[in-house]
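Good morning. Please look at the structure while I talk.

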Amino acid sequence: MAKQFKQFDPWEGKNYKVGIEGNTVFIVGVQHWCDPKFWNCKEENPHKCLEERNDKCTVWDTERYQKNGKCHEWDNNHKIVERCPLYKKCKLSVKCQSKDDEEPYSNSMNRLLQCETNISVYDHIEGKEKRQRAKVFAFIFDALQNLFGKALTKAPFNIKEETRVSELNSAQKRSYWNCIIFSNYIQHYTLYWNYGELNPKELDIEPEKNDKVFEECMKKFPSEEPDVIIVLQEPSIFRKIKGILGNKYIHLKEKSRTGAFYILAKPSSSLYKKIRFEYNHKKNDFIKDFVQNFKGKRIRRQIETLTRVLYDFEKGKNGKPSLEQIREEILKHCSDEVKEKFYIDNAEGNKVIKHNSFTSLNNKTPITDDEKEEIKKKFEEYIKS
């Protein structure tokens with residue numbers, strides 16, 4: 001019999017099956033951490049709290065919390081823990097429901113730990129966060145703007161370009177949260193560590209549970225796979241997810257931002273096709289500009305260096321061109337004088353490139369990383385501009 005376990009319920013926007021600009025979106029966060037000492041909690045480590053204290057957490061139980069003398073943390077006149085903001089929608093426990101909206105708060109707990117993801121998002125949307133998670137929510141919004149900036153300026157989002165997450169009203173935040181699924185990768189409470197960063201050791205605690213919940217969230221989407229996956233902050237979690245997915249998704253390096261978010265897209269998604277179109281257009285423009293500088297006796301080496309740089313950038317991409325195809329693309333934009341040096345007539349009388357001359361050049365004196373570095377930096381800047 002399969003092991004039963006508690007998990008954090010993911011946030012599911014009511015329009016997540018529609019997504020944004022024709023792309024379904026799954027955002028993967030890092031963790032929910034807890035600092036027991038701050039709350040005067042007897043538990044030294046919160047790892048088992050979700051499993052064993054889902055409805056018995058001291059922080060959310062008024063009677064126990066008062067005994068700990070920490071009720072001042074909640075800003076209300078009666079020193080009573082606030083009711084769960086989602087209680088009207090809750091179907092998990094009688095303690096989370098109320099038949100009468102005017103019913104006074106009771107001293108029993110009125111929220112479950114498994115609801116923290118949903119409560120955190122709700123509080124962010126409504127501007128009621130008790131503990132600011134500004135960095136996480138800023139990364140999410142920045143990633144969506146990076147991918148769908150123009151789409152977000154239109155209805156139902158109506159968000160101007162260059163807007164910061166702190167400038168959004170509740171309706172604007174709700175509009176894009178309605179279009180995504182969000183879940184943290186780690187499915188247990190982590191012990192507060194190094195200003196809220198991820199302790200790498202946490203990834204070794206019930207890793208099969210983390211992977212199982214990730215896969216369950218994936219299956220919620222049409223075809224059981226979202227078009228776009230945004231992995232927040234942690235490269236270690238990104239690597240784990242990339243390992244689970246294999247070659248099904250392409251890492252969009254040009255759209256990712258190390259330490260903030262990593263973008264994965266299905267080759268069949270409209271986002272990937274759009275980005276590939278934009279990339280190819282910019283790449284052609286870069287080649288046109290770059291070949292104007294070809295001169296001297298080392299033109300062959302200049303062409304081959306650019307070829308190798310562009311080839312490296314295509315690694316991992318769907319439909320990656322060959323070295324021969326990239327050389328042809330470069331020479332197509334060169335002057336007739338340069339073309340004359342590298343084309344010959346084949347048996348049918350057609351002009352073809354002497355690819356062997358480039359291959360032998362690289363075999364004798366291979367193109368070095370130092371030679372490619374300057375072109376690589378220029379190309380990266382051009383693509384991201």
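Which residues does D123 touch, not counting residues up to four places away in sequence? They are P85, K128 and E129, where contact means heavy atoms within 4.5 Å.

Before I go on, this is a predicted model: local features need pLDDT of at least 70, side-chain atom pairs count only at pLDDT 80 or more, and totals for chains, interfaces and linings use all residues. Residues are numbered from 1 along each chain as its sequence is written, and side-chain values use heavy atoms, with hydrogens and water left out.

D123 sits in helix α3, residues 116-126. Helices here are DSSP runs of H or I, at least four residues, and strands are runs of E, at least two, numbered from the N terminus. D123 counts as buried because its relative accessible area is 14%; buried means under 20%, exposed over 50%, and partly exposed in between, with a 1.4 Å probe and protein chains only.

Now the helix pair. In α10, residues 323-332, the buried residues are L323, I326, R327, E329, I330 and L331. Among the elements that cover them are α8 (270-290), α9 (299-313) and α12 (355-364).

α9 packs against α10 at an angle of about 125 degrees, and their axes are 9 Å apart. Axes are lines fitted to C-alpha atoms, for helices over the stretch in contact, and angles run from 0 to 180 degrees between N-to-C directions. On the α9 side, the contact is made by I303, E304, L306, T307, R308, L310 and Y311. On the α10 side, L323, I326, R327, I330 and L331 take part.
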